[in-house]
Amino acid sequence: KDDRQIRFIQGMMSDTEVLERVQKLQPIADELGCTMAQLALAWCLRREEVSSVIIGATKAKQLRENVEASGIELDEEAVGKIEAALGG
């Protein structure tokens, strides 16, 4: 493992502001009937300039879950809620 990656992740995990913002996304995912991972992937895929995303699935279940994200369409209301949760 690369120590730089570990330090980056540890830094993000210890940032309470970031964690609070991420926690605000769970109700949005619940409302849309998707997982947090699917919400994140759908968020990336909604961008016209993005044709694909790189996923880090290590299990078949994760891969299936990630593939399902391609069918999630985020309407303006959902995007607004996500942006508000993230402070944007």
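Reader: How many salt bridges does the count come to here?

Author: The count comes to 4 salt bridges. Bear in mind that this is a predicted model.

Reader: OK, let's start with Glu17. Which side chain meets Glu17 in a salt bridge?

Author: That's Arg21, with an N to O distance of 2.7 Å. Both residues sit in helix H2 (residues 16-23). They are 4 residues apart, about one turn of the helix.

Reader: Switching to Lys81. What does Lys81 form a salt bridge with?

Author: With Glu31, and their closest N and O atoms are 2.6 Å apart. This pair links distant parts of the chain: Glu31 belongs to helix H3 (residues 25-32) and Lys81 to helix H6 (residues 76-85), 50 residues apart.

Reader: Why does Glu31 count as exposed?

Author: Because Glu31 has 55% relative accessibility, and the exposed class begins over 50%. Lys81 comes out as partly exposed, at 29%.

Reader: What about Arg47, which side chain does that one meet?

Author: Arg47 meets Glu49 in a salt bridge, 2.7 Å from N to O. Glu49 is exposed, with a relative accessible area of 57%, while Arg47 is partly exposed at 38%.

Reader: Which residues are joined into one network?

Author: Glu31, Glu77 and Lys81, through salt bridges that share partners.

Conventions:
Residues numbered from 1 in each chain as written. Predicted model: local features only at pLDDT ≥ 70, side-chain atom pairs only at ≥ 80, totals over all residues. Heavy atoms only, no water. Helix = DSSP H or I, 4+ residues; strand = E, 2+ residues; numbered from the N terminus. Buried < 20%, exposed > 50% of the residue type's maximum accessible area, 1.4 Å probe, protein only.
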